[in-house]
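Please open the model in your viewer, with a selection tool at hand, and follow the stops below in order.

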Amino acid sequence: MDIVELLLSGRRGRRVLWEFALDSESRALSEFAIHPLHSSMYYASYQVEVGRGDSVVMFGPGADEGRTITVGLEELAKLTSATKLLPVTEQLLQKSLEISVGHARYWQEPDGEDTLLASPVLTDALRRVAEHIATSALAQWWLAPVDLRTQVHVEFDQSDPAGSMTSTGPSVFDKLLRWKENLILTEARARAEKPTPVTAMIGGEWWSMPGSQLVSSTGAFINQQPIGLSCVEDGFGWEQAVIRKVSVLPSVKVLDISTADHWVQLCRDYGIEVTAHKRHEWYRTTGRDRAWVMPDWFAVSKCYDGVHLSIAGYLALAGECLVVDENFASVIAGWDPGKTYWFTDELRFYEDPVSWHCLDANNEDCRWVRSTEK
């Protein structure tokens, strides 16, 4: 799949395209001018969310009138097609990716923007943006497998770099064994509880990445900022982080996930059923109410030293309903783009840890800088 089809095929990829178009409009107009693309999506997404009963509120001057404004998909498509797109830069692509990741939410329905962007009415308009990005070739590295030479580990809210994570502690085997035991118990407990309608607002585990206790790593953007600093699903507004370079043996066997077939085959070969405890969340995010499966990472670890989700794979697959067979489907959720989870104890951290901090952590314009920077 080329970069154009990849960006169009998944909700996170489509959101990258939309954010690039929005940024193009924003930079072309003054702050106080009318931004038709932005305002039209604002009203259209509000109507989508109100229509399905989401707890959204419009307030402030003009709110009474705003609640009555309707914008059709055809108008959104026309405005998107008419927006003059900025030349592609690494900075623009990075910002669009970061915003897209920040809007991921697989424990409930997609937000209004993601819902509208999935409409075929907008496909041609979004394709224009995708082709514009593809022409630059600056996004081609999103397709790349894991680069073992550039891996770094990110620890958030670690104010003491000297106390940062080391390779000591429970083995990977023990961590994954406990992960599997907990998953089995969670599934059994959910299955034993009184059955409830799939629409019931029952919270639970919605993620499907390997256990959070495992060491993970990412590469870096062109500006050398670690991807794992700003591209985090369901983040907590962290303001500090410590970065350590990761040394990986060149002989490690890493499974790269970049297509639906990769994930589906993983579920077929190493699947474990998770229907009972993920049914409600995955129904809300996909609309499907049938049996669910995800990879048994304990079993996977017997064959691989790590599993890597490429940025391309993330944009095309995250949050999507991936059909495994006639009975089961699966969802990639909670897994950040470009992240590798390691199933080996043979990792080493080298060089001194580097502290970073986040400016305007709770703002969409937040940015991470090295702590020595002003």
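Is Y42 partly exposed or buried, and what is its relative accessible area? Select Y42 to begin: this residue is partly exposed, with a relative accessible area of 40%, where buried means under 20%, exposed over 50% and partly exposed in between, computed with a 1.4 Å probe on protein chains only. Before going further, note that this is a predicted model, in which local features need pLDDT of at least 70 and side-chain atom pairs count only at pLDDT 80 or more, while totals for chains, interfaces and linings use all residues. Residues are numbered from 1 along each chain as its sequence is written, and side-chain values use heavy atoms, with hydrogens and water left out.

**Aromatic pairs**

The structure holds 15 aromatic pairs, a pair being two rings of Phe, Tyr or Trp (its six-membered ring) with centres within 6.5 Å, and with planes under 30 degrees apart counted as stacked, over 60 as edge-to-face and the rest as tilted.

W141 sits in the loop between α8 (123-136) and β1 (152-156), and F221 in the loop between β2 (216-217) and α10 (227-230), so the pair ties together parts that are 80 residues apart in sequence; helices (H or I, at least four residues) and strands (E, at least two) are DSSP runs, numbered from the N terminus. W141 is partly exposed at 30% relative accessible area, whereas F221 is buried at 4%.

Then select W263, W297, W335, Y341 and F343, which ring pairs link into a cluster.

**A helix crossing**

Finally, display helix α2 (residues 11-28) together with α8, whose axes come within 9 Å and cross at roughly 85 degrees; axes are lines fitted to C-alpha atoms, for helices over the stretch in contact, and angles run from 0 to 180 degrees between N-to-C directions. The two helices, α2 and α8, are therefore roughly perpendicular to each other, a label for angles of 65 to 115 degrees. To see the contact (heavy atoms within 4.5 Å), select R14, L17, W18, F20 and A21 in α2, which meet L126, V129, A130, H132 and I133 in α8.

Definitions and conventions
Angles under 35 degrees count as roughly parallel, over 145 as roughly antiparallel, 65 to 115 as roughly perpendicular and the rest as oblique.
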